[in-house]
Amino acid sequence: MNQDLSRVPNLDALGFDLPTPEEGRAEAKRRLARTFRPTEMIWIVDEIYDPVTPAWNIDVVRQGAAGCWVRQRSRFDEQAQVLYYLGETPLSDAQFREARAKFKRFPIAEWLR
């Protein structure tokens, strides 16, 4: 007997419905966008899905509170639907230029719709 796998629910170990990884990534980006100013310069430099927890770890490059460029890590817990801030690391000028050249700018306004 063949099952249509697209109709099988995505459940965690306790039986709660979870979004698909792509749905979780989209929600993580929507929540991230709400934490930034619409005109802020942000680059997403890493997105890693953790299927065990399940959660998205997302690193962004942005200007920190002290005015220097930093790499910030956030974690979006798909089950709890919570975005956690995990800290930041300052970047050298060379690291910032490399990130800016290698990655596309995060379109904050598009994710706020």
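## Aromatic pairs and salt bridges

In this predicted model, a search of the whole structure returns 6 aromatic pairs. Trp 43 and Phe 96 make an edge-to-face pair, with 5.7 Å centre to centre and 75° between the planes. This pair links distant parts of the chain, as Trp 43 belongs to strand S1 (residues 43-50) and Phe 96 to helix H2 (residues 93-102), 53 residues apart. Trp 43 counts as buried because its relative accessibility of 4% is under 20%. Phe 96, at 10% relative accessibility, is buried.

Phe 106 and Trp 111 form a stacked pair, at 6.4 Å centre to centre and 25° between the planes. Phe 106 is buried at 5% relative accessibility, whereas Trp 111 is partly exposed at 24%. Ring pairs join Phe 36, Phe 106 and Trp 111 into a cluster.

The structure also has 11 salt bridges, including those in the table.

| Salt bridge | N to O distance |
|---|---|
| Arg 25 and Glu 22 | 3.2 Å |
| Glu 27 and Arg 30 | 3.0 Å |
| Asp 59 and Arg 71 | 2.9 Å |

Asp 59 in strand S2 (residues 55-63) and Arg 71 in strand S3 (residues 69-77) are 12 residues apart, and their pair links distant parts of the chain. Asp 59 is buried at 5% relative accessibility, while Arg 71 is partly exposed at 30%. Shared partners join the salt bridges of Glu 22, Arg 25, Lys 29 and Glu 47 into one network.

Within helix H1 (residues 21-34), Arg 25 and Glu 22 are 3 residues apart, about one turn of the helix. Glu 27 and Arg 30 are likewise 3 residues apart in helix H1. Glu 27 is buried, with a relative accessible area of 14%, and Arg 30 is partly exposed at 29%.

Technical notes
Residues numbered from 1 in each chain as written. Predicted model: local features only at pLDDT ≥ 70, side-chain atom pairs only at ≥ 80, totals over all residues. Heavy atoms only, no water. Phe/Tyr/Trp six-rings, centres within 6.5 Å; stacked < 30°, edge-to-face > 60°. Helix = DSSP H or I, 4+ residues; strand = E, 2+ residues; numbered from the N terminus. Buried < 20%, exposed > 50% of the residue type's maximum accessible area, 1.4 Å probe, protein only. Salt bridge = Lys/Arg side-chain N within 4 Å of Asp/Glu carboxyl O.
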